[in-house]
Protein chains: 2
Amino acid sequence: MRFIDLIRKKRDSHELSADEIGWMIRQYSADAIPDYQMSAWLMAAFLRGLSPAELAALTSAMLHSGRVLDLSALAAPKVDKHSTGGVGDKTSLIIAPLAASAGVVVPMISGRGLGHTGGTLDKLESIPGFSVNLDIPRFTAQLASIGVALIGQTEDLAPADKRLYALRDVTGTVESQSLICASIMSKKLAEGIDALVLDVKFGSGAFMKRVEDARSLAHLMVETGERMNKRVAALLTDMDQPLGNCIGNALEVRECIDVLKTSKDAPADLIELSVALTAWMLLLGGISPSLAAAEDRVRSLIADGSGLRKFRDIITAQGGDPRVCDDPSRLPQARHTQTIPALTSGYVQHIDSEKIGVASLVLGGGREKKEDAVDPAVGLVLSKKVGDRVASGEALCTVHYNSDARLTEALALIESAYAIASPAPIARKLIHGIVQTSGGSKFNG
Amino acid sequence: MRFIDLIRKKRDSHELSADEIGWMIRQYSADAIPDYQMSAWLMAAFLRGLSPAELAALTSAMLHSGRVLDLSALAAPKVDKHSTGGVGDKTSLIIAPLAASAGVVVPMISGRGLGHTGGTLDKLESIPGFSVNLDIPRFTAQLASIGVALIGQTEDLAPADKRLYALRDVTGTVESQSLICASIMSKKLAEGIDALVLDVKFGSGAFMKRVEDARSLAHLMVETGERMNKRVAALLTDMDQPLGNCIGNALEVRECIDVLKTSKDAPADLIELSVALTAWMLLLGGISPSLAAAEDRVRSLIADGSGLRKFRDIITAQGGDPRVCDDPSRLPQARHTQTIPALTSGYVQHIDSEKIGVASLVLGGGREKKEDAVDPAVGLVLSKKVGDRVASGEALCTVHYNSDARLTEALALIESAYAIASPAPIARKLIHGIVQTSGGSKFNG
C-alpha cells in the first residue's frame with residue numbers, strides 16, 4: 001500500500017476501506033507517513049467528507065492507536081458525558097458525582113480551556129490541592145473505590161488523535177464534522193465506557209453557531225458510536241448565552257456546589273441541563289427504566305445531598321480540600337470586584353457568549369495559547385440573563401479581577417455582549433433536541 | 001499575515017489577493033512555511049481551484065522566486081515552445097533550429113523523461129559529447145551567437161516551482177490544471193521570452209486523455225500568459241498514437257535529422273506538427289505576417305537545409321559531434337533488433353501510446369525514478385501506424401534492444417498496444433484545435 005494512493009482516493013471522492021484507514025493510522029503513528037502527506041489527506045477528507053463506514057474505521061483506528069482501558073472488572077455500567085464546549089459550561093462537576101452516586105461508574109477524562117471556552121481541568125484545579133494528573137492505575141483504583149474520577153488526557157490513550165489534532169490545528173482542518181467526531185469518539189471510547197452522553201452545543205458561545213451543524217455532528221457521533229456497539233445519545237443545547245451565571249474557574253466551582261447544595265442561588269438553566277444529562281447517563285447505563293424515572297432519581301440525589309457527598313469524596317480522593325464544599329470562600333478569590341450597570345432599560349435580548357468568554361479570558365481566566373497559565377480567581381457573575389427585565393443603571397453583572405488594565409479591556413467586551421431592548425424576547429429552549437440513534441431522533445424545537 | 005488564514009480562505013472557496021499569494025511563495029521559499037501547511041493549501045487549491053487572477057498571481061510569484069533572464073540585449077523576438085509531453089514527441093529538436101534559422105531567438109530550457117514519456121534532454125544527450133548543462137552566461141552567449149540553445153533546468157530559475165513540484169508529487173496534488181499551468185508558465189516565462197507556443201497533447205500517450213481537459217489547460221495557460229503580457233498560443237494535438245515512427249533517444253534524434261534532411265523516411269505527422277509549431281513561433285514572434293506565410297517560410301527553411309545547418313551549429317556549440325547529421329550510425333546503436341509481426345490482418349485501428357512508451361522504458365530507454373540512467377540506443381521503430389493496412393505476419397515494428405530479458409517484457413506490451421481490425425478507421429486530425437486568446441479560439445475538430 002502506498003499512502004499517495006490513499007490521498008488520491010480521498011481526493012477523488014472514493015471510499016477508503018477499513019483496512020486502508022487502519023494502515024494509514026498505524027503508519028502515521030509509526031512516523032512512516034510524514035506530516036506533509038497526512039495534511040494533504042486531512043484537507044481532502046475535510047473537503048470530500050467521510051462516509052459513515054470510513055468515519056467508524058477512522059475512529060476505531062485512532063482509538064486503537066494506544067491503550068484502551070479495560071474496566072470490565074467493574075460490574076457497574078461505565079458511562080461518560082462529553083460536551084463540545086461552551087461558556088460557563090460546568091456541568092461535568094455536577095454530573096460526574098451525581099451519576100456516580102446513582103451507581104454509574106464515570107471514568108471522565110477531560111481537557112483544558114482554550115480561547116473563549118473553559119475547561120473542566122482548569123475548574124477542578126481551582127480547588128486547593130486538587131490533582132487531575134492521576135496515572136491509569138490510580139485512575140482505575142479510584143473508579144473501583146468511589147465510582148468516579150476526573151483526570152486529564154494521558155499520553156497513552158488515543159495518541160494518534162493527539163498528533164492528528166496538532167496537525168489539523170495548523171493546517172486549517174479543524175472544523176470538519178467528521179474529523180471532530182473521530183477525535184471526540186476515539187478519545188472517549190478509549191476510556192472503556194459502555195455508553196456516552198453528548199452535550200452538543202450551538203449558538204454564539206459554541207464552536208457551532210447553527211443548530212443544523214450541531215444536529216449533523218450529533219448524528220455523526222451517535223451513528224459512529226452505534227457502529228462501535230456503544231449506546232450514545234446527544235442533547236442539542238443552546239449556548240447563545242452563557243450557562244448558569246458564573247464564568248471563571250473558582251466562580252464556576254462555587255456555582256456547582258450551589259447546585260449540589262440546592263442553594264437558592266443555583267441557576268435554573270444549569271440545574272435543568274445537569275439533571276437532563278445525568279438522567280440520560282442513568283438511562284443509557286440501564287440504572288433507570290425511563291427518562292422520567294431517571295430525572296426523578298437525579299433530583300432526589302441532589303435533594304438528599306448524595307451528589308454533594310460524592311463530590312466531596314472526589315475532592316478528597318484527588319488530594320483537594322473538601323472544605324470548599326462547606327465554605328466556598330476557601331476557593332481562590334479575586335482582589336477586586338466591579339459591577340457593570342445597564343446603560344439602558346428594557347429586556348435582555350441576547351448575551352453574546354463568545355464575547356463573555358473572551359472577557360473572562362482577557363481577565364486571565366483562560367488561555368490564548370496552550371502554554372498560558374490561568375488565574376483561577378477571576379471571572380464574571382451575571383446578574384441578568386436573557387429575558388430578564390433590567391432598568392438603566394441596574395447591575396448586569398459583576399466582574400472579579402486582579403488587574404486594572406485587564407478590567408478595562410474586559411469591560412468593552414462585556415458591555416457590547418449585552419443586547420437590551422423592548423419588548424421581552426421569545427424564550428429559547430435550553431435543550432433543543434435529542435439525537436439517539438440513526439433510526440429515531442426526537443426533536444423538541 | 002498568518003498562513004493558516006490563507007489555507008482556510010482557499011479551503012472555503014474565497015479568492016486570495018495577489019499580495020497574499022506573493023507573500024505565501026516568498027515565505028515558503030524562505031522556509032518560513034512548513035511543507036505540512038503548504039500541502040494542505042495545495043490540496044485545497046486542487047479541490048477548490050484557482051481564479052484566473054489567483055493563477056496569474058501564483059505564476060508571477062513562482063516566476064519571481066528566482067532569476068528571470070533578461071534577454072533584452074538581443075534585438076530579435078524571443079520565442080519558445082513547450083509540450084505537455086507524449087510518446088515519440090521529438091519536435092523540440094526540429095523546431096528550435098528551424099525557428100532560430102528564421103531569426104527567432106529560442107532560449108529553450110527542457111526536462112528529462114519520466115515514466116512513459118521521453119525528455120528532450122535525454123534525446124540530445126544521445127548525441128556523443130552533447131552537453132545540456134550550460135550555465136546562464138554560456139546559455140545567453142550562445143543565444144547571442146547562434147540564436148538558440150537547448151539546456152536543462154537550472155537551480156536559479158523558478159526555484160519555488162521545483163520545491164512545490166516535489167511536494168505535489170508526493171501529496172496527490174499533481175493533476176491540477178491550475179497548478180500545472182503555474183508550474184509550466186513560471187518556468188517558461190523565467191526564460192525571458194516574448195511569446196510561447198504550447199503543444200497541449202491529449203490521448204492515450206498524453207497526461208490528459210480527453211481533448212476537453214487539454215482544451216481547458218490550454219485556455220488557462222493562454223489566459224495566464226495574456227495577463228502577464230506575453231503572446232501565447234496553444235495547439236491541441238493528438239497523442240493517441242506515438243508521434244513519428246521512432247521511440248527511443250538516439251532513434252528519435254535520427255528521425256529529427258531525417259525531417260531536417262527531407263529524407264523520404266521522415267514521417268508525415270512529425271513534419272506536419274513541427275512545421276505548424278514553428279510557424280506559430282514565427283507568427284507570434286512577428287517574423288511572418290500570417291500563419292500561411294510562416295508555414296511557407298518554415299518549409300523552405302527545411303528544403304534549403306537551413307534547419308539542418310542550424311542543428312549542426314547547436315551540436316557544435318554544445319560540445320557534440322555534428323557528424324551525426326551526415327552519418328547517423330555515429331549515434332549509439334543497440335546490439336540487437338527484432339521485428340514484431342502482426343498476428344492478424346486488417347487495418348491498424350489504434351496504437352496505445354502509453355503502452356509503447358512503457359515498452360521503451362522497459363527496454364531501458366526511459367526512467368521510472370528520477371535517479372535511473374537511460375540507455376540511449378534502445379527503442380522502437382514503428383513500421384505501421386493508425387490507418388495502415390497490415391497483413392498477418394507483416395512487421396508492425398522493430399525493437400532495438402540490448403537485453404533479452406527486457407525484450408521479453410516489452411514484447412507483451414507492444415503486442416497489446418496494437419489494435420488491428422476491419423474496416424479502415426476514420427482518420428483523426430493531428431492538430432485538433434488552436435487556443436489563442438481568451439477572446440477568440442479556433443477549433444478545427
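Buried area, as I use it here, is the accessible area (1.4 Å probe) that two parts lose on being put together, summed over both. I start there since the size of an interface is often given as the accessible area lost when the parts come together.

**Ground rules**

I am working on a predicted model, where local features need pLDDT of at least 70 and side-chain atom pairs count only at pLDDT 80 or more, while totals for chains, interfaces and linings use all residues. Residues are numbered from 1 along each chain as its sequence is written, chains are lettered from A and ligands numbered from 1 in the order in which they are written, and side-chain values use heavy atoms, with hydrogens and water left out.

**Entry 1: the interface**

I looked up the area first: chain B and chain A bury about 1,700 Å² between them. Carbon and sulfur atoms carry 68% of that. On the chain B side, Arg11(B), Tyr36(B) and Leu47(B) lose the most area to chain A, together 33% of what that side buries.

Next I checked contacts (heavy atoms within 4.5 Å). I get 21 residues of chain B touching 21 residues of chain A.

Then the charges. A salt bridge here is a side-chain nitrogen of Lys or Arg within 4 Å of a carboxyl oxygen of Asp or Glu. By that rule I have 4 salt bridges across the interface of chain B and chain A. I looked at Arg8(A) with Glu175(B), a salt bridge whose closest N and O atoms are 3.5 Å apart.

Polar contacts came after that (a pair of N or O atoms within 3.5 Å; within protein, one must be able to donate a hydrogen and the other to accept it, and residues adjacent in sequence count only if both atoms are side-chain atoms). Between chain B and chain A I note 11 residue pairs in polar contact, both residues at pLDDT 80 or more.

Which elements of chain B supply at least two residues each to the side that touches chain A? I find helix 1 (3-11), helix 3 (35-48) and helix 8 (159-170). Helices (H or I, at least four residues) and strands (E, at least two) are DSSP runs, numbered from the N terminus. Helix 3 of chain B gives the most, with 10 residues.

I also sorted that side of chain B by residue type: 10 nonpolar, 5 polar and 6 charged. The classes are nonpolar for Ala, Val, Leu, Ile, Met, Phe, Trp, Tyr, Cys and Pro, charged for Asp, Glu, Lys and Arg, and polar for the others, Gly among them.

**Entry 2: chain A overall**

I count 16 helices and 14 strands in the secondary structure of chain A. Its C-alpha trace spans about 70 × 45 × 40 Å along the principal axes.

For the radius of gyration (taken over C-alpha atoms; the globule rule is 2.2 Å times the number of residues to the power 0.38), I compared chain A with the rule. A compact globule of 445 residues would have a value near 22 Å, and chain A agrees, with 22 Å.

Buried means under 20% relative accessible area, exposed over 50%, partly exposed in between (1.4 Å probe, protein chains only). On that scale 58% of the 445 residues of chain A count as buried. Of the contacts in chain A with a separation of 6 or more, 77% join residues 24 or more positions apart.

Pro423(A) lies in the loop between strand 12 (418-421) and strand 13 (431-435) of chain A. In chain B, the bond from Ser422(B) to Pro423(B) is cis, also with omega near -10°.

Ala158(A) is not a glycine, yet its phi is positive, about 45°. I place Ala158(A) in the loop between strand 3 (148-152) and helix 8 (159-171) of chain A. Is Ala158(A) buried or exposed? Buried, with a relative accessible area of 2%.

Ser13(B) has a positive phi too, near 65°. Ser13(B) sits in the loop between helix 1 and helix 2 (18-29) of chain B, and at 45% relative accessibility Ser13(B) counts as partly exposed.

Thr224(A) is in helix 10 (residues 211-227) of chain A and is buried, with a relative accessible area of 2%. Leaving aside neighbours within four places in sequence, I find Thr224(A) in contact with Leu55(A), Ala56(A), Thr59(A) and Cys181(A).

His400(B) belongs to strand 11 (residues 395-401) of chain B and counts as buried at 17% relative accessibility. Not counting residues up to four places away in sequence, His400(B) touches several residues, including Leu251(B), His336(B) and Val381(B).

Leu331(B) is in the loop between helix 14 (306-317) and strand 7 (336-341) of chain B, and it counts as buried at 4% relative accessibility. I checked Leu331(B) against Arg254(B), 77 residues apart along the chain: their C-alpha atoms are separated by 8.0 Å.
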